[in-house]
Amino acid sequence: DHQTILRAWAVKDFAPNCPLYVQILKPENKFHIKFADHVVCEEEFKYAMLALNCICPATSTLITLLVHTSRGHTAPWEAFRQLTGTKQTLNRESQQSPEQWQKMYGRCSGNEVYHINLEESTFFAEYEGKSFTYASFHAHKKFGVCLIGVRKEDNKNILLNPGPRYIMSSTDICFYINITKEENSAFKKQEKHRKNHESKLSYHGASRLPVHSIIASMGTVAIDLQDTGCRGPSGATLALPAEGGKEGRRPSIAPVLEVADSSSLHTCDLLSDQSEDETTPSDDEVSAGLEYAKGYPPYSPYIGSSPTFCHLLHEKVPFCCLRLDKGCQHNYYEDAKAYGFKNKLIIVAAETAGNGLYNFIVPLRAYYRPKKELNPIVLLLDNPPDMHFLDAICWFPMVYYMVGSIDNLDDLLRCGVTFAANMVVVDKESTMSAEEDYMADAKTIVNVQTLFRLFSSLSIITELTHPANMRFMQFRAKDCYSLALSKLEKKEREKGSNLAFMFRLPFAAGRVFSISMLDTLLYQSFVKDYMISITRLLLGLDTTPGSGFLCSMKITEEDLWIRTYARLYQKLCSSTGDIPIGVYRTESQKLATSESQISISVEEWEDTKDTKDQFSCRGNHRNSTSSDQSDHPLLRRKSMQWARRLSRRAPRHSAKTAEKINQQRMNLYRRSERQELAELVKNRMKHLGLSPAGYDEMNDHQNTLSYILINPSPDTRLELNDIVYLIRPDPLTYVPNAGPSRKDSFCNTVGQDTREETQL
């Protein structure tokens, strides 16, 4: 950073008018280069992204795909280019991949953020004078584009989803997510052609659109084109998180209004919970001391951090109470279980408590997060934190630290890994300067692999120095599926793809992240000067009055009546004002047999053995035995040993006894590595005085694959357990079913004047 700062000063001294783009590592060095036009601070982005990964899965993958330009394969789309003149095509992966999830994921990964002036836009011009929510829904319904934000002509601030009370103006700059920018789209070409031949190609609504089939093939199918109006009055509400929508019949959805009418907007559970929290806290909350204030943190660990409205304590916690594993005069708790947390933990394993770690805590304690859903945060640090860092975090509720390492099983158990929802492993600075470049991640990868083997269902999010090393995450030596993905990655790398690793399962699922993936953010800001601002707003690093925030909701069984992404879009826009931007989907995966799954293979072998014996009883016994084992080569050696031992004892035991002995031997063989690891962990927990209850749930591991669909087509079917990414309106400026502003109830501050904070 020191060298970067000096270079920036030199450029500014030599060419004061030259636009300056600077990327630095540490947030405390930002104020030295505040004169630069565009600044990306790696640690700020990294920690905010890792934090959001814990509550909005795979946020890091979502942002990475949005700031990359996917390169398409042009040959299959020659006819399309001749017809429309567009140069944008789909990813080659979406055309050549054999599996359906890869086609969908690859196709949606081509979406990026673009901008256009409303009065010059074919997508949005007709919505002048109408609400933002109305414009977003109908633009998605007609053209498959996702309007996410606006900026007024006389204002530099970008507003993400300003809500249904924002009225679109002709001079507004619209920001939208789409497979291509409007200037290159088939709609724009068709509009120009229409103006030149008014009599022949007059536009009479979306039903007469000649490029409908083209857009369908691109994965942005426009549905219900014959009737762009919405259905009748609402019969049920989409559960947020899970209420209503229980009728078995197909319910209708309320229309999205052109101009917001507060009396017709339904109440969003998230915001109603907040209003309940702020007015009359429950007896349980009072007894537990959960009556938090909302305000700006009174102390920041570095100069240049953006003020964020957060949940805060009325009084700061003594430093001795921040230590999770050591009791003090105020409490006697020495492990995570003793605290009796209602929500699962978020554990961050880092080498030191740098200033950037402050940006991990702030997004998770922002005022718009429901108080009942706040997860306790435990910082597992190799080195004790500085006093100035403790000064910054002691105002936040349920934030603790512990000195220890993920190398040590006892430290992991004390910090509550068995009660954790997510474990974030941050790359260590001391390993970044390894003699061999790609060995910098060696210790991190092995430690994470150990965590994965000990706690297989724990959600582990890992930061790596080199993206190429993600192929070693949750490594299985004989996993044919990963081997096939490795070959696919090699082919893409040879063809020059800048996202060759995008089909790796850890990246697609958002379980691995490398800061180098954000290098393109600085490059894109050269053509899209708004990309850094939009990314900071999505990550919660900046807050603008009236701008929404990123959150998520899970599709439950009671929500499946909504059926498609288009209907979900309409339901959210008409009820809560939320704008969906993508879906995180998890599917079951059938992995190839490996040594770690030998117990499963044994069970399958037992089931098929009896069937095979019926067909091979006429043949010779030796041949039938070899044929059984030929399908399971991993069992061959053990089976021959059992056969020898049984043959020696056969004369001395009856058939019933021999069968019993054989069953005992099979049970002993089934004692897999998983069970041995489980016993090891339980013994350590007993030794530390911890209850092993709950550990068995950590071993309930099912093979799954997860991936992101950014701005999927309107006809995409929703599935159970889908997680939908939402941009929710700012509760300070927009509350469904609210008359007067609730600004006063939010301005409960700590140590600062209310009026000043409202102005901020």
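Strand β15 and strand β18 (residues 723-728) run antiparallel and are joined by six bridges. Here strands (E, at least two residues) and helices (H or I, at least four residues) are DSSP runs, numbered from the N terminus, and two strands count as paired if DSSP finds at least two bridges between them. Within this pair, Cys-551 has Leu-726 of β18 as its bridge partner. The model is predicted: local features need pLDDT of at least 70, side-chain atom pairs count only at pLDDT 80 or more, and totals for chains, interfaces and linings use all residues. Residues are numbered from 1 along each chain as its sequence is written, and side-chain values use heavy atoms, with hydrogens and water left out.

Both strands belong to an open sheet of four strands, in the order β15-β18-β16-β17, with antiparallel pairing. Its edge strands, β15 (549-554) and β17 (704-710), each pair on one side only. From one strand to the next the twist averages 25°. Strands of a sheet pair through backbone hydrogen bonds, either parallel or antiparallel.

Helix α22 (residues 565-575) packs on this sheet and touches β15, β16 (579-588) and β18; contact means heavy atoms within 4.5 Å. The direction of α22 makes about 135° with that of β16. For such values, axes are lines fitted to C-alpha atoms, for helices over the stretch in contact, and angles run from 0 to 180 degrees between N-to-C directions.

With strand β6 (residues 173-178), β4 pairs in the antiparallel sense over five bridges, and Cys-146 stands opposite Ile-177 in β6. Strand β5 (residues 159-160) also runs antiparallel to β4, joined by two bridges; Gly-149 has Leu-160 in β5 as its bridge partner. Five of the six residues of β4 (residues 146-151) are buried, so this strand is largely enclosed by the rest of the structure. Buried means under 20% relative accessible area, exposed over 50%, and partly exposed in between (1.4 Å probe, protein chains only).

Helix α21 (residues 531-539) is likewise largely enclosed by the rest of the structure, because eight of its nine residues are buried. Among them are Met-531, Ile-532, Arg-536 and Leu-539. Just after α21, Gly-540 takes a positive phi of about 80°.

Side chains of opposite charge can pair when their charged atoms come close. A salt bridge is counted when a side-chain nitrogen of Lys or Arg lies within 4 Å of a carboxyl oxygen of Asp or Glu, and by this rule the count comes to 15 salt bridges. The table lists some of them.

| Residue | Partner | N to O distance |
|---|---|---|
| Lys-46 | Glu-463 | 3.4 Å |
| Asp-325 | Arg-323 | 2.9 Å |
| Asp-722 | Arg-585 | 2.7 Å |

Asp-722 lies in the loop between β17 and β18 and Arg-585 in strand β16, so this pair links distant parts of the chain, 137 residues apart. Asp-722 and Arg-585 are both buried, and Asp-325 and Arg-323 are buried as well.

Lys-46 counts as buried at 7% relative accessibility, and Glu-463 counts as buried at 2%.
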